[in-house]
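Please examine the sequence and the three-dimensional structure shown here.

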Amino acid sequence: MEHPAEFVVMQFARPGGNLLPIAMLLFDRSADRLLVQGRDDFEGIADRDDVEVLRSFIAQLADESEQMSGAAMLQELEDKLSNNVRITERQPVSVDDVQWALADLYRQHVDPGRAGLSKAQTAG
């Protein structure tokens, strides 16, 4: 059965101001759970030093989402992120299978050039 959720795209601001998508966050409102799927491939998005920081940040976010309420995590990100890492405004979506929805939204908004699914980092 479908239920309400919200998604945001996490973006990295490259020097010069281009915003590039690096992760999909899906907030399952009924379960108060935040699911995170980050990029595997940062080629052309960030330099090597930034790549390590971004990968670490996304992994830490996925780990923390297992221990915190999804609503609290998303609110904290909205309040604190700025400068190089940002998130978009929340977008409503109806989901049945949250894992499938996360992967589908990731393909649409973060990595539209990749045909296959990549492993989702999820909380839960």
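On the face of α2 that is turned away from its buried side lie the exposed residues Asp79 and Lys80. Here exposed means over 50% relative accessible area, buried means under 20%, and partly exposed lies in between (1.4 Å probe, protein chains only). Helices (H or I, at least four residues) and strands (E, at least two) are DSSP runs, numbered from the N terminus. This is a predicted model, in which local features need pLDDT of at least 70 and side-chain atom pairs count only at pLDDT 80 or more, while totals for chains, interfaces and linings use all residues. Residues are numbered from 1 along each chain as its sequence is written, and side-chain values use heavy atoms, with hydrogens and water left out.

**Helix α2**

- The buried residues of α2 are Gly70, Met73, Leu74 and Leu77.
- Viewed down the helix axis, the buried residues of α2 fall within an arc of 95 degrees, so they line one face of the helix; the arc is that of the directions from the helix axis to the C-beta atoms.
- An α-helix has 3.6 residues a turn, so residues three or four places apart point the same way.
- The buried residues of α2 pack against β1, β2, β3, α1 and β4, where contact means heavy atoms within 4.5 Å.

**Nonpolar cores**

- A nonpolar core is a set of buried Ala, Val, Leu, Ile, Met, Phe, Trp, Tyr and Cys residues joined through side-chain atoms within 4.5 Å.
- The largest such core has 22 residues, of which Met10, Ile22 and Leu25 touch the most other members.
- Two or more residues of this core come from each of β1 (3-13), β2 (19-28), β3 (33-38), α1 (48-64), α2 (70-80) and β4 (85-87).
- The largest share of this core, 5 residues, is supplied by α1.
- Another core lies apart from it and has 13 residues, including Val9, Met24, Val95 and Val110.

**Gln11**

- Gln11 is located in strand β1 and is buried, with a relative accessible area of 18%.
- Leaving out residues up to four places away in sequence, Gln11 touches Leu19, Leu20, Pro21, Ile22, Asn84, Val85, Arg86 and Thr88.

**The largest pocket**

- The lining of the largest pocket consists of Phe57, Gln60, Leu61, Glu64, Met68, Met73, Glu76, Leu77, Lys80 and Leu81. A pocket is an open set of points on a 1 Å grid over the protein atoms alone, where a 1.4 Å probe fits, with protein on both sides within 12 Å along at least five of seven lines; lining residues have an atom within 4 Å of a point.
- At least two residues of this lining come from each of α1 and α2.
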